[in-house]
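The exercises below are meant to be worked through with the sequence and the coordinates open side by side.

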Amino acid sequence: MIHALPRLASVPWGRLLAGTLLLATVGTLALDIALWSGQRFRPPPVSFIQGQAIYVVEMLMALAYGAMGWLLASRVSRNALGWLFLAIGLAMAVQLTSTFLVQAGHEAFRPVEQSVLLFAWAGSTLHLPLTVVLLVFVFLLFPDGKPLSRRWARAGWAAVGGAALVMFSVGLAPEGLQWFPSLANPFAAPPVVRPLLPAASLLGLTLLVAGALVASASMAVRYQRAEAVERAQLRWIAIAVLFLTAAGVPFILARYALSMDYASGEMMLAIALAAGSFLPVAAAVAVLRHRLYDIDLILNRAFVYIPLTAILGGLYTGGVALAQRLFVAVTGDRSDAAIVITTLVIASAFTPVRNWLQSFVDRRFKPVNQEGHARHSPLHELNERVAALEQRLDTSLSPPKRD
Amino acid sequence: MASVARNLQLPLLILSVFALLGATCTAMPSQRIGGTVSVIGSWSGPEEEAFRSVVAPFEEQTGITVEYRGTRDLDGVLWEGIARGRVPDVAGLPGPGHMADFAREGALQDLTQIIDIAQYKSDTVPAFVELGTIDGRLVGVFIKATLKGLVWYNPNIYTLEEPETWAELQALGLLAARGDTELWCVALESGATSGWPATDWIEDFLLRQSGPDVYDDWVAGTLPWTSAEVRSAFEAYGEVIGDSFGDAPTVLATNFIDGGRPLFTEPPGCLFHHQGTFMTEFFRSRAGARAGEYDFFPFPPIDERFANSVTGAGDLFGVFNDTPQARALMQYLLTPEAQTLWVERGGALSVNRRVTEYPDPISRRAAEVLSSADRFRFDASDLMPETMNAAFLQGVIDYTQEPQRLDEVLESLDVTRLRAYSGDVLTQPQGPP
């Protein structure tokens, strides 16, 4: 038992959890595609969305957020950003599942199953406000996982309060489910509570939008205060945040406060989704081009060794088969020499192929500023310490100067 | 303690006001309102009588007089009324496709504030709520449903078992037919909407031959009328006409309400009649049939992959003038009480899931068939744009008259498809079921 504790402590729980969440996202998306293909990719009965394009974009977004979240959470698991990205991706994938299940419920002439109705209620009520809250925290915490100050953090809590009020209002709306207008609300408020709902919605929306705007402003302030290296890392993210705020706030207002025809609503949603898609892309640019968190080194190695394994594996299999045929053609029999020769050839090809791949990847993903290592990076700190240690060693080991 | 009570006074007062407001908003039309409400619908004869009997308790309770006018040219009358600024308060709508046109014209009221929307959605199957919703606004509600594609027969004449496939039905029909009795009775006459029973035939064939996906593509205008699937459905219908009582002029000249008469004549003119649940009303009133002299089985599967698919329709109502009387009537028509009165007359299925008691075994079984089907598809012609629907009606009449003109009929329908689905929709009379 005493020995078990250090073992448990050495398990990379963060990586395991991040991997599990990414797998859950990918698995849910696979389920979504299976469900939707069974419906011949017909647009589900959802308000604001009439075509198929939005669903395809949402699937790609869920994947992009999940992948970026996994990358960040598994490498810098103490930073909340990776987990926020993972949550956004998974929630989007799950919300799509509820959408396609609702569509299946419209096939027959009977009420949808209670479990589907509850799932649809959760998707319709919780998904959008929670996503806004998660994005507000991304705005506030990027890139070091900490808000600028406690005062700025209040924007996040305002968004949480606002989202709770909006969910209260939408979740009890007697008119039915907001995103699935053909379904009754299983938690429709009794008449006595209904007059409270518009007020709750208005207050919640105010807080939610205020939270988003303040969080967006915090990113601008963070960018302004940053030094050159950090500013380069933040540039794309800051643009993404401003773009997302400019597109997302009008959409939230349209969704919760205005009566809008589906065509206009769909256009606003499409713009908001396009802006939302930009965020993981901007994060990827910060990581790869500006060496944020030093993850680019890991990605760089992955980009080299995964294709290297595939190429050498393929060459080996093909080489053995070819050599065996040659032996059969020449000697009339198979020979183990074919395996030995192929192994030798492949072993000799290892270094040239790796070097070629490495130079290719370096050319493609070379960081803009080799000098500018990330400030928020354990490797950066380690490098600095090693450099200092080397300097000390040099100083202490070098022969004394002769005057 | 006293201060606590004082602090609670204001919230309690606010809650009481809200409770009062809430109670007012959801009040059922039980108080006397008086005045009149004008209603236009497609029902006549026994169907009109049924409607009048349904609204009789409402008139008594509220003092409101329901002024009903029936017409088969519902679409034409409504568009003319809109053009002249003289629309009825409440109207039966020709179908979801036409309802959408009225809604986009701004003629239909949003029912969200007129009926208890939460109750309606809770009581009604989502497919029907969806069909009444345009751009998130509920503008049409279903007050009764019809199960279509039923094969009616006289159990005193057809005594063999229920066929399990279309091929078996034809084989059993040949066995059961005696003398000059034909397999089918078909009747297409229906005034401005003549031909709609034939469109039902083609819809049933297409759904069971080619499946719901092809059916949906056809409704959406993405499947050409000249496609092998649509052609096959027309040809199957053509074979039915070939095995029908009387010749093509008889089929075209007989009003649909008399379509089942030859089932009950001596000797019988036909073995089977293809119609919806509402037909029982006409069996009794027009053919003098009594309970036990008619029964049905669902349209049998043609391709096993698409078994347990059914077609149906419903009577849509919308409000053109938002008056207290119109509100009261709409609220009443959706209540389980009114729905029960509909189904008690026979031939109607309730859209309200709280209504589970049916007066006779036939209605009960029809309701079971409807709710147990894996796939429900709404009457395709009612979902098509007006121009397409009108051309479909004309096309089936032309084909019934001259089956050799099938290519020409289908090509003409395809030309209309390209026009109708591109937004070039004309306001021509068309037909509800």
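**Exercise 1. Describe the overall make-up of chain A.**

The secondary structure of chain A, in this predicted model, comes to twelve helices and zero strands. Read along the sequence, the pattern is accordingly α-α-α-α-α-α-α-α-α-α-α-α.

The next step concerns burial and contact range. Chain A has 403 residues, of which 38% count as buried. Among the contacts in chain A with a separation of 6 or more, 76% are accounted for by residues 24 or more positions apart.

**Exercise 2. Characterise the packing of helix 5 against helix 7 in chain A.**

Begin with the geometry: the axes of helix 5 (residues 114-141) and helix 7 (residues 196-225) of chain A come within 8 Å and cross at roughly 25 degrees. Because angles under 35 degrees count as roughly parallel, helix 5 of chain A is roughly parallel to helix 7 of chain A.

Helix 5 of chain A contributes A:Pro129, A:Val132, A:Val136, A:Phe139 and A:Leu140, while helix 7 of chain A contributes A:Leu208, A:Gly211, A:Ala212, A:Ala215, A:Ser216, A:Ser218 and A:Met219. Sorted by class, this contact of helix 5 with helix 7 of chain A has nine nonpolar, three polar and no charged residues.

**Exercise 3. Describe the contact between chain A and chain B.**

On the side of chain A that touches chain B, the residues divide into 14 nonpolar, six polar and six charged.

**Exercise 4. Work out the strand order and pairing of the four-stranded open sheet in chain B.**

The four strands of this open sheet in chain B follow the order 8-9-7-10, and their pairing is mixed. Strand 8 (182-185) and strand 10 (295-298) of chain B are the edge strands, each pairing on one side only. From one strand to the next, the twist averages 30 degrees.

To examine one pair in detail, take strand 7 (residues 150-153) of chain B, which pairs with strand 10 of chain B in the antiparallel sense over four bridges. Within this pair, B:Val151 has B:Phe297 in strand 10 of chain B as its bridge partner.

**Exercise 5. Is B:Met384 buried or exposed, and which residues does B:Met384 touch?**

First locate the residue: B:Met384 lies in the loop between helix 16 (380-383) and helix 17 (386-401) of chain B. B:Met384 counts as buried because it has 27 C-beta neighbours inside 10 Å, where the cut-off is 20 or more. Leaving aside residues up to four places away in sequence, B:Met384 touches B:Gly97, B:Val219, B:Asn389 and B:Phe392.

**Exercise 6. Determine how helix 17 packs against helix 18 in chain B.**

Helix 17 of chain B and helix 18 (residues 406-420) of chain B pack at an angle of about 175 degrees, with their axes 9 Å apart. Since angles over 145 degrees count as roughly antiparallel, helix 17 of chain B is roughly antiparallel to helix 18 of chain B. Among the residues making the contact are B:Met388, B:Ala391 and B:Phe392 of helix 17 of chain B, together with B:Val409, B:Leu413 and B:Arg417 of helix 18 of chain B. By class, the contact of helix 17 with helix 18 of chain B has eight nonpolar, four polar and three charged residues.

Conventions: Residues numbered from 1 in each chain as written. Chains lettered and ligands numbered in written order. Predicted model: local features only at pLDDT ≥ 70, side-chain atom pairs only at ≥ 80, totals over all residues. Axes fitted to C-alpha atoms, helices over the stretch in contact; angles between N-to-C directions. Helix = DSSP H or I, 4+ residues; strand = E, 2+ residues; numbered from the N terminus. Parallel < 35°, antiparallel > 145°, perpendicular 65-115°, else oblique. Contact = placed C-beta atoms within 7 Å. Nonpolar A, V, L, I, M, F, W, Y, C, P; charged D, E, K, R; others polar. Pairing = 2+ DSSP bridges. Buried ≥ 20, exposed ≤ 12 C-beta atoms within 10 Å, placed from the backbone.
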